[in-house]
Amino acid sequence: MNALVRAELLKLRSTRTLAWLLLATVAMVVVTVAASVPSASEPDAGLSFHESALLTRLVGISFGVPQVMMVLLGVLAFTQETRYGTVSSTFLVEPRRNRVFVAKGLALIIASVVITTATLVVSCTVSTVFISAKDGNVTTGTEFGQVIAAVFVVMMLYGLIGLAIGALVRNQVVAVTAALIWQTAAEHLLLDALPQVARWTPVGATYGLLQLGPIVTTQGTLLDAPIGGLLLVGYTAAAAALALVVAPRRDIL
Amino acid sequence: MVATSAAMTATIELRGLTKWYGSIRAVDDITAEVRPGQVTAFLGPNGAGKTTTLRMLLGLVAPTAGTSTIGGKRYDALRDPVRHVGAVLETSGYHPGRTALDHLRVLATAARLAKGTPMRALTDTGLGEDARRRVGAFSLGMRQRLGLAAAMLGDPAVLVLDEPTNGLDPEGIRWLRGYVRKLADDGRTVLVSSHALSEVEQTADHVLLIAKGRLIRSSALAALRAEAGVGCRVRTPDPERLSTMLAAAGYGVRLDGDELAVDAAAEQVGELAAMHRIVLHRLNPTARLEEAFFRITEQPGRPDEAHSFESAPV
């Protein structure tokens, strides 16, 4: 298994996809923080310039785009193999396909740790600079550590969900489009329209885990962090199980 | 040189291999053996079922019925399959943004091969100087070479090549012929699919002829040539007389345009014409093997003859 994981990590490193995704992620983190800080001065923004959790909230918000990027990385980890035909040589080297899927998952977990760390460094730095520039509160309350831990979990799970989507859908354009619509539109529309339902969806559970309730909804409907975390783990496990059952049985044409 | 023990266990066996895609029968009850030390051509027109059969052999496509083994084991039961079997399946099996060396390093890492193996394989296939170029910039011929380099990473006793000459220029084809010949001479089992008879004639020792998903013939190429016979086309100002002479000598002959098509070697026809003082304006040998190929592949419904061409196993 070690050899397979190392091979999957080499696949990720040996094309420009990971570098571009990481660059785009960092850039979007800066943009997200910059766009979010001014709203903190607005009275109904859910954020107060002087509350102790300001930095924590900004860091949580800044992981919106990185979550999407992590799903895309997971999707591409499999769909690129199908698109370019490398899936044949992958399964010729290791015909036990479930082992390949597990190796890809482990490689994505390792990649998620690196991406999350880099994103956190940028997010914390930029958030601190922006808040300090306006004399806001940059203290780290008790929630800060919880959110830091949560973003590592969220990024890891989203990579696995993306991998499952890629394994199940296979067509890269369809898989990427579906993942983008799900994350950036469908669930947010649902959150606005039916918050009581949306809090049980993967994105709703994620917001609960990241403790973004005061920001993403004014109705206080998001799940508590532990429940949100468990629900997200459940969604990931279900998606991965489905992929492990369905995908290995398919013919490689 | 492949170790004798490896070669001894490198026979490919197909038993009743069948594949249905919905209501379409892509491969129909193929049974054959491919033995070490020779190049076996898997010959048939496009869409005959060659690629599907090879993918079933390699565990990439699940057969509807039947089995395929390499050295007595299914592909997915082979321990370290890359060390037993190398395969070139398609020219598009590369990420265009990855370098040739990285492409092979990925495979070698997964297969737990030595670190120097990828570079050595690239050098052996003439790509040593292009190792750090991205595959997207490679010509089709270079990609075919890269495919062979990938197939040879584990120094396998069995090579499976699917239409390896597709897109190659004449120089590349010539190089490939020599490379494949050497692999077989080393004692490896080499199975090469092709739709081009001319290519097979210059490379193969043995032929598995497939059409419409069925194995039509399994034969040594020399035996196929013998069965097909040799022939020639003749132009003469006295076709009726030459026709009579040839028929009397027992040769098949028919008028085709302003020429006679004769089921005899050009030398025999020339000698007969000289003996009877018949003037010839033209005398050309014809590719009878090609005619036989088309004749056979147009009659796929003869399963009882599938293995009757030669009594010995393939």
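Reader: How many residues does helix H1 of chain A have, and how far does it reach?

Author: This is a predicted model. In it, helix H1 of chain A covers residues 2–13, which is twelve residues. From the first C-alpha to the last, H1(A) reaches 16 Å, close to the 16 Å expected at 1.5 Å a residue.

Reader: Which residues of H1(A) are buried?

Author: Leu4(A), Ala7(A), Glu8(A), Leu9(A), Lys11(A) and Leu12(A) are buried.

Reader: And what covers them?

Author: The cover includes two helices of chain A, H2 (17–36) and H6 (97–133). It also includes helix H3 (100–110) of chain B.

Reader: Which elements of chain A have the lowest and the highest mean pLDDT?

Author: H1(A) has the highest mean pLDDT among the elements of chain A, at 93. The lowest, 66, belongs to helix H11 of chain A, residues 213–216. Where pLDDT is low, the predicted coordinates should not be read in detail. Chain A as a whole averages a pLDDT of 85, and 91% of its residues score at least 70.

Reader: H3(B) was mentioned above. How many residues does each chain bring to the contact between A and B?

Author: Chain B brings 28 residues and chain A brings 23 residues. On the side of chain B that touches chain A, H3(B) gives the most, with six residues. By class, that side of chain B has 15 nonpolar, six polar and seven charged residues.

Reader: Let us turn to chain B itself. What is its secondary structure?

Author: Chain B has eleven helices and 13 strands. Of its 314 residues, 46% are buried. Among contacts in chain B with a separation of 6 or more, 73% are between residues 24 or more positions apart.

Reader: What is the strand order in the sheet that contains S12(B)?

Author: The order is S11-S12-S10-S13 in chain B, an open sheet of four strands with antiparallel pairing. S11 and strand S13 (282–286) of chain B each have a single partner strand, so one side of each is left without a neighbour in the sheet. The twist averages 25° from one strand to the next.

Reader: How many bridges does S12(B) form with S11(B), and how many with S10(B)?

Author: Strand S11 (residues 253–256) of chain B pairs with S12(B) over four bridges, and strand S10 (residues 231–235) of chain B is joined to S12(B) by three. Leu260(B) in S12(B) has Leu255(B) opposite, and Leu260(B) is also the bridge partner of Val234(B). Ala261(B), likewise in S12(B), has Arg233(B) opposite.

Reader: What lies between S11(B) and S12(B)?

Author: Two residues lie between them, and the strands form a hairpin. Gly257(B), in the turn, has a positive phi of about 70°.

Reader: Which residues make up the covered and the uncovered face of S12(B)?

Author: In strand S12 (residues 259–262) of chain B, Leu260(B) and Val262(B) make up the covered face, while Glu259(B) and Ala261(B) make up the uncovered one. In a regular strand the side chains alternate between the two faces of the sheet.

Reader: Which helix lies across this sheet?

Author: Helix H10 (residues 266–275) of chain B lies across S10, S12 and S13 of chain B. H10(B) runs at about 155° to S13(B).

Reader: On another topic, why does Leu224(B) count as buried?

Author: Leu224(B) counts as buried because 24 C-beta neighbours lie inside 10 Å, and the cut-off is 20 or more. Leu224(B) lies in helix H8 (residues 221–228) of chain B. Val207(B) is 17 residues apart from Leu224(B) in sequence and 8.4 Å apart in space, C-alpha to C-alpha.

Reader: One last item: what is the order of the three strands in the other open sheet?

Author: The order is S2-S1-S4 in chain B, and the pairing is antiparallel. Strand S2 (24–34) and strand S4 (65–70) of chain B are the edge strands, each pairing on one side only. Neighbouring strands are turned by 20° against each other on average, direction ignored. Strand S1 (residues 12–21) of chain B is joined to S4(B) by five bridges, and Leu14(B) stands opposite Ser68(B) in S4(B). Helix H2 (residues 50–57) of chain B packs on this sheet and touches S1, S2 and S4 of chain B, with its direction at about 120° to that of S1(B).

Methods
Residues are numbered from 1 along each chain as its sequence is written. Chains are lettered from A and ligands numbered from 1 in the order in which they are written. This is a predicted model: local features need pLDDT of at least 70, side-chain atom pairs count only at pLDDT 80 or more; totals for chains, interfaces and linings use all residues. The expected span of a helix is 1.5 Å times one less than its number of residues. A residue is buried if 20 or more other C-beta atoms lie within 10 Å of its own, exposed if 12 or fewer, and partly exposed in between; C-beta atoms are placed from the backbone. Two residues are in contact if their C-beta atoms, placed from the backbone, lie within 7 Å. pLDDT is the predictor's confidence in each residue, from 0 to 100. Two strands pair if DSSP finds at least two bridges between them. Ala, Val, Leu, Ile, Met, Phe, Trp, Tyr, Cys and Pro count as nonpolar, Asp, Glu, Lys and Arg as charged, and the others, Gly among them, as polar. Axes are lines fitted to C-alpha atoms, for helices over the stretch in contact, and angles run from 0 to 180 degrees between N-to-C directions.
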